[in-house]
Amino acid sequence: MTLTSKQFMRRTAIALALAVLAATSVGAETTQAAAKPAKAAKKQPVPEFKMVLEPRAMDLLKATSARLAAAKSLAFTAIVSYEYPSKLGPAIVYISRYDVAMQRPDRLRVIMPGDGPASEFYYDGKTMMAFAPAENLVAVADAPPTIDAMLKKAFESAAIFYPFTDLVAADPFAALTDGAKLAFYIGPSGMVGGTKTDMVAWANNDVFIQMWIGVDDKLPRRIRAVYSADPLRLRHDMELSNWQLDPQIGPEMFASPRAQAAQRMTFVHPVSAPSAGAKPLTKAKPAKAALGKSPGNAQ
């Protein structure tokens, strides 16, 4: 059948209209599909972090505490680095050395050279003395009959605090883990003093602590602490060496004729308050150094 030109044009127009309608319909469906929001991917629940006291970590803390508590006398060296803020922002580090000798229950001596004035501290069961050799000044006070009670009084009356205080307590485990909410085993290390150690960490509301404990002797070799009350999160690091357990120590070690002959002053609390988080026996930050403060800690 032969189409006239009029019929051809009519059919062509209908075909074009149908094509346009089909294209419009497909475009509308595509637009509607794109307009529909994609189904949100189902969120996987985040595992809740639980504060637990891992038995392995607690057992290591018990072992090192038992080793220290069993010794009738102790001698060791603690090298302590303290971070302090600088005007530029980055922290400055000061270092102090503590040469410690103690005899349970009522003798303690601490000799402190360091990045500040040297100082000496003596306790003989009746009297405590903080001596500044360069100034030839000594603060003297009556003291309770035990190391624990004496350290508590020294802190409360003159803000004297030593970073190793928990280690010389009558019950180191109770002092170290007071208020602990988290404890876990980190792993082995051979990087501290050439000694194989186990690393543990624990925390309470005041402080986060990491400790390196000797695998064979169960003695603490390094302790690192950051205090929650410190907005700058400055780090305090203590390395422990030259351990002697049950050495023979004579009574002369806990007195000093030079200190006794020095110009006397009373124990007084420092004008500035102790550092945030400072507490006697547990979880304390070192206070500022001065006679009548924490002896010898450099600022």
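Helices (H or I, at least four residues) and strands (E, at least two) are DSSP runs, numbered from the N terminus. By this assignment, the protein contains 5 helices and 12 strands. The structure is a predicted model, in which local features need pLDDT of at least 70 and side-chain atom pairs count only at pLDDT 80 or more, while totals for chains, interfaces and linings use all residues. Residues are numbered from 1 along each chain as its sequence is written, and side-chain values use heavy atoms, with hydrogens and water left out.

The description may begin with the protein as a whole. Of its 299 residues, 41% are buried, a term that stands for under 20% relative accessible area with a 1.4 Å probe, protein chains only. The accessible surface amounts to about 16400 Å², and carbon and sulfur atoms account for 59% of this area; such areas come from the Shrake-Rupley method with a 1.4 Å probe. A contact is defined by heavy atoms within 4.5 Å. Among contacts between residues at least 6 apart in sequence, 53% link residues at least 24 apart.

Two strands pair if DSSP finds at least two bridges between them. Strand 2 (residues 91-103) and strand 3 (residues 107-112) run antiparallel and are joined by 5 bridges. Met102 lies opposite Leu108 of strand 3, and a hairpin of 3 residues connects strand 2 to strand 3.

Strand 3 is also joined by 5 bridges to strand 4 (residues 119-123), again in an antiparallel arrangement. Here Met112 has Ser119 in strand 4 as its bridge partner. The hairpin from strand 3 to strand 4 passes through 6 residues.

Key: Buried means under 20% relative accessible area, exposed over 50%, partly exposed in between (1.4 Å probe, protein chains only).
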